[in-house]
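Trainee: Could we go through this model together? I would like to discuss its strands and its aromatic residues.
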Amino acid sequence: MDAEYATAKEWYKAHRRELKKYRGEWIAYTNKGVISPDRDYRKMKDGIPADTPKLGYVIDRIFESEFIEPVRFYPVRMRSLKSHDWQPRYEVALKVQSSENVQILVDSGAELSLITKKLGEDWGCSRTAGESISKAEGVGGSIEYLLRDIEIELDGHIFTAPVAWAQTDACQEILLGREVVFDLFDIEFKQAEETIIFKRRSQ
């Protein structure tokens, strides 16, 4: 376990590049470090120590595409090229029947926010009898989803936004889309500083 930080967010910022070893896995971490990693979301949740407070940890998924390896040219000896591997993710709390802290990708290209099937089930989402499944198109193909109004807490601001609850386990994305969120906040991306600034708009 690492040295203790004031918040889980501070630990994440200080140790983000060390999370490379968890690519393809779900992780739960606190202000002291990673407490449960696994490729399977359920196993990751089951691995969280029982005495950990519900809002004392943050859930995140480390994607295979993160931490891009340097591009190498053979046999010429030259300095490797490397892309900036930062992804614009931000810690928020989502609430259905219970609250959960998650790192979520802030995606200006997504009309709706999106959560995975298992996350929704874990938080108490359920399909009602006769409810029709909607379909959305993306770069990676189509996604079947059910729309849910979910409470979001972002930097102390609490609001409700429509969230697409994926209906296939193949979808492992967690996205913060434009609907409601981009109307409530002015959002500034500072890639060089690996920072996102949310400023609540005056009402």
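The conversation below turns to the strands and then to the aromatic rings.

Mentor: Please note that this is a predicted model, in which local features need pLDDT of at least 70, side-chain atom pairs count only at pLDDT 80 or more, and totals for chains, interfaces and linings use all residues. Residues are numbered from 1 along each chain as its sequence is written, and side-chain values use heavy atoms, with hydrogens and water left out.

Trainee: Why is strand β5 largely enclosed by the rest of the structure?

Mentor: Seven of the eight residues of β5 (residues 99-106) are buried, so the strand is largely enclosed. Buried means under 20% relative accessible area with a 1.4 Å probe, protein chains only; strands are DSSP runs of E with at least two residues, numbered from the N terminus.

Trainee: In which sense do β4 and β5 pair?

Mentor: Strand β4 (residues 89-95) pairs with β5 in the antiparallel sense over seven bridges, where pairing requires at least two DSSP bridges between the strands. A hairpin of three residues joins β4 to β5, and Leu 94 stands opposite Glu 100.

Trainee: And what is the bridge partner of Val 106 in β10?

Mentor: That partner is Leu 176; β5 and β10 (residues 175-176) pair in the parallel sense over two bridges.

Trainee: Changing topic, which residues form the aromatic cluster?

Mentor: Tyr 90, Phe 159, Phe 185 and Phe 198 form one aromatic cluster. The whole structure holds six aromatic pairs, a pair being rings of Phe, Tyr or Trp (its six-membered ring) with centres within 6.5 Å.

Notes. Phe/Tyr/Trp six-rings, centres within 6.5 Å; stacked < 30°, edge-to-face > 60°. Buried < 20%, exposed > 50% of the residue type's maximum accessible area, 1.4 Å probe, protein only. Helix = DSSP H or I, 4+ residues; strand = E, 2+ residues; numbered from the N terminus.
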